[in-house]
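Let's take a friendly walk through the inside of a protein model. Have a look at the structure below before reading on.

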Amino acid sequence: MALPLRVATAVSVSRNSMPKNPTFISLPYLNCTLKFHNSPSHNPRPNALPTRPHHYIRVISETTVEPEISKKKKNDSPKDWKIKMLYDGDCPLCMREVNMLRERNKSYGTIKFVDIGSDEYSPDENQNIDYETAMGRIHAILSDGTVVTDVEAFRRLYEHVGLGWVYAITKYEPIAKIADSVYGVWAKYRLQVTGRQPIEEILEARKKKGELCKDSNACKM
């Protein structure tokens, strides 16, 4: 949560005593207020030329201090998550849905998003679901460790951000089987549809990258 920080600074351009009739000027675009104090002129000698009045300025400003934790980190790794979504961060069509859920999740904080394509992805931390398995179909992990896949995974994810009605009908047969069958076709051909390499070539490239990382510190940079 952002915390308001109030800063008050007083600047005096005269050594005379503080006057009684201040003048305020608000500068909303600078988020501050200027307080001018006008003092009467003081002529120690009767025949001397009048001197200019003295001015006192008081600046009162307010600003906002943002938390150091980035929004992305705060949204993708909520402490009290209810369901974890394993997603393919290299899939452009998939990312449209992920970004929509991520935006909704700002108000709920119930979904933890995990990119299976990240170098930090660990099957050990995700019910031993390796990259190849996760690429085959959508996986979601409940906070109690239960793994759900296919349309049920989408239904659970949507429920946790207040959109359960979108997939509500898929709870019932025969709609459930039909929905899973349609999704299965999409999951099987999504790489070709999105113009990406076959899964075999992707796995081979990741294997070579892993071997390269073992022989050098390139992946740590």
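Are Cys91 and Cys94 buried or exposed? Both are buried, meaning under 20% relative accessible area with a 1.4 Å probe and protein chains only.

## About the model

This is a predicted model, in which local features need pLDDT of at least 70 and side-chain atom pairs count only at pLDDT 80 or more, while totals for chains, interfaces and linings use all residues. Residues are numbered from 1 along each chain as its sequence is written, and side-chain values use heavy atoms, leaving out hydrogens and water.

## The disulfide

The structure holds 1 disulfide (a pair of cysteine sulfur atoms within 2.5 Å). Cys91 and Cys94 form this link, with S to S at 2.4 Å. The link is right-handed, with 65 degrees about the S-S bond.

## The nonpolar cores

A nonpolar core here is a set of buried Ala, Val, Leu, Ile, Met, Phe, Trp, Tyr and Cys residues joined through side-chain atoms within 4.5 Å. The largest has 23 residues, of which Met85, Ile111 and Phe113 touch the most other members. Contacts of Met85 (heavy atoms within 4.5 Å), leaving aside neighbours within four places in sequence, include Val98, Leu101, Ile111, Phe113 and Leu157. A second, separate core of 11 residues includes Ile116, Tyr131, Met135 and Leu191.

## A buried lysine

Still, the Lys84 side chain reaches the backbone oxygen of Glu125 at 3.1 Å.

Technical notes:
Buried < 20%, exposed > 50% of the residue type's maximum accessible area, 1.4 Å probe, protein only. Polar contact = N/O pair within 3.5 Å; in protein donor to acceptor, adjacent residues only side chain to side chain.
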